[in-house]
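Subject: Structure handover and notes

Dear colleague,

I am passing on the structure below, together with some notes on its helices and on a few loop residues. Please read the notes with the model open beside them.

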Amino acid sequence: MHTNLSELLIFVNDSIRSSLIRINDNGKNTLFVIDDEKHLKGIITDGDIRRLLIDGVKLSQPISNYYNRNCVYGYYNSRKSELNKLFREGIHLVPLIDEEFKVVDYIEFQNDFHIPVAEPYLNGNEYRYLTDVLTSTWISSKGAYIDRFEKQFADYVGCQYGVATCNGTVALHLALTAMGISQGDEVIVPNLTFAATINSVLFCGATPVLVDVEEDSWCISTEEIRKAITSKTKAIVPVHIYGQPCNMETINEIARDNGLFVVEDCAEAHGAEFDGRKVGSIGDVGCFSFFGNKVITTGEGGICVTNDKNVYEKMKILRDHGMSKSKRYYHEVVGFNYRMTNMQAAIGCAQLEQIESILDWRRKLEDKYFEKMGTIPLVKLQNRSIDKTKKIPWLISILVPEEKRSFITEKLLYYGIETRDFFITLSDMKIYQKYKFSDTNSKKLSRCGINLPTNNKVDDNVIELITKIIREVIDSRG
Ligand SMILES: *Cc1c(COP(=O)(O)O)cnc(C)c1O
């Protein structure tokens, strides 16, 4: 119940002057008109009053002849999801009445309704395992859950070894360092990705080479990779962007022919497959992130998976300050502290138990979205039928006409629906400009792409609303 309800009430016999004063004080642009017994009679807004004054109506006149008798109202005991349906363009404040038609409360649009882009889904054993860790006092980076998580995640992907890290960015850096990438080396990176991909190359002191992505898959273009290879090229970092697997067959072929390493950035594609194999198991090393908005999460966290025992050993040593495995506190290489905690791993184990059901609701959500969005002219859906690939929905993604994008996202936000624009083409940022090799498709996609809310709060009503808003903006001229 709102305690400031009385500031929103005005008696039917009060004057226009008193309504103006009330509206000025309550800051809500609206008053609910009531009789002596608090029965709802109607509504009057500051816009109504403005129009009355322009028409020459005197301030001393009672509002009884001027308020709107037809007003939207709800019942105080209705469910919130029902009440949310009352909101529409121009109706952001709705009085709530009891059985006797007396005003007892109100609901306000912006405060009550918010759909985030992503939200962690923690409905399994997270709490139980975490409690277990806390009672055991093994809260740092040693403990049973770490070994279990590394083993189980590697298993899930189809790899022999896993090295858990404190986030996905350092997983990339760890893998590249273990492959010996350093100053003077060139590493090929797609121009449309999150900055962590290029930053991890720069942390090694190596030179990133930003190549364009394909128009169809939005993933790194294998033709551009071929063109960008020089005698200094040492590795390729394909990114399975927005859940879409890259063409790993061709990438591995190019790598084999040119003696290059392949480090897969799988931060957005847990469970996606290329030719029947899970991403992360196809290149030399696969790197995943478990940040809060990813398919599964450990809060912050990451992992490197591999089938190469030698690389695995190197990554373990580098993660642990470069300390010798046989002689404690003797350091063989300059290493890092990139360890994951047992607390993160506990959450990770619980998350991994649910990954199939999480991917399942994500797929169903994408189906529903695409069914509706597919009917809007000029909206393009992410391609789900690329040869040999089985993509997963990370953030559900569409393309809209470039000149309409900001109108769409702003209008959605006005209705409490958060979206995300696609990544900015890396070479369009000052600090990365000089690494550009090619950028045509990256630029186009970057300007047209929208990530839609992908979480459990999105129900049929929300999809309906989003579709309606996008359609309206696209249909409007200008
Ligand atoms: C999220 C993400 C990362 C980095 O992961 P963090 O765990 O946030 O460090 C790397 N690459 C891509 C493509 C990502 O989306």
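Contact here means heavy atoms within 4.5 Å, and helices (H or I, at least four residues) and strands (E, at least two) are DSSP runs, numbered from the N terminus. This is a predicted model, in which local features need pLDDT of at least 70 and side-chain atom pairs count only at pLDDT 80 or more, while totals for chains, interfaces and linings use all residues. Residues are numbered from 1 along each chain as its sequence is written, and side-chain values use heavy atoms, with hydrogens and water left out.

I begin with helix α10. In α10 (residues 248-258), the buried residues are Met248, Thr250, Ile251, Ile254 and Ala255, where buried means under 20% relative accessible area, exposed over 50% and partly exposed in between, with a 1.4 Å probe and protein chains only. These residues lie on the same side of α10, because they cover an arc of only 165° around the axis, the arc being that of the directions from the helix axis to the C-beta atoms. The buried residues of α10 pack against α9 (222-228), β10 (233-236), β11 (261-265) and β12 (273-274), whereas Arg256 and Asp257 are exposed on the other side of α10. After α10 comes Gly259, with a positive phi near 65°.

Next come two helix pairs. Two packed helices are described by the angle between their axes and the distance between the axes. For helix α1 (residues 16-26) and helix α2 (residues 46-54), the axes come within 11 Å and cross at roughly 140°, the axes being lines fitted to C-alpha atoms, for helices over the stretch in contact, with angles that run from 0 to 180 degrees between N-to-C directions. That makes α1 oblique to α2, since angles under 35 degrees count as roughly parallel, over 145 as roughly antiparallel, 65 to 115 as roughly perpendicular and the rest as oblique. The crossing of α1 and α2 is left-handed, a term used if the near helix is turned anticlockwise from the far one by less than a right angle, with right-handed used if clockwise. On the α1 side, Ile16, Ser19, Leu20 and Ile23 meet Asp46, Ile49, Leu52 and Leu53 of α2. By class, the contact of α1 with α2 has 6 nonpolar, 1 polar and 1 charged residues, where Ala, Val, Leu, Ile, Met, Phe, Trp, Tyr, Cys and Pro count as nonpolar, Asp, Glu, Lys and Arg as charged, and the others, Gly among them, as polar. Within α2, Gly47, Asp48, Ile49 and Leu52 are buried, and what covers the buried residues of α2 includes α1 and β3 (40-45). Just after α2, Gly56 has a positive phi of about 90°.

In the second pair, the axes of helix α6 (residues 144-157) and helix α12 (residues 342-353) come within 8 Å and cross at roughly 40°. The crossing of α6 and α12 is left-handed, and their contact has 10 nonpolar, 3 polar and 2 charged residues.

Finally, some loop residues. Thr137, in the loop between α5 (126-136) and α6, has a positive phi near 70° and is exposed, with a relative accessible area of 61%. Tyr329, in the loop between α11 (309-319) and α12, has a positive phi of about 60° although it is not a glycine, and it counts as exposed at 59% relative accessibility.
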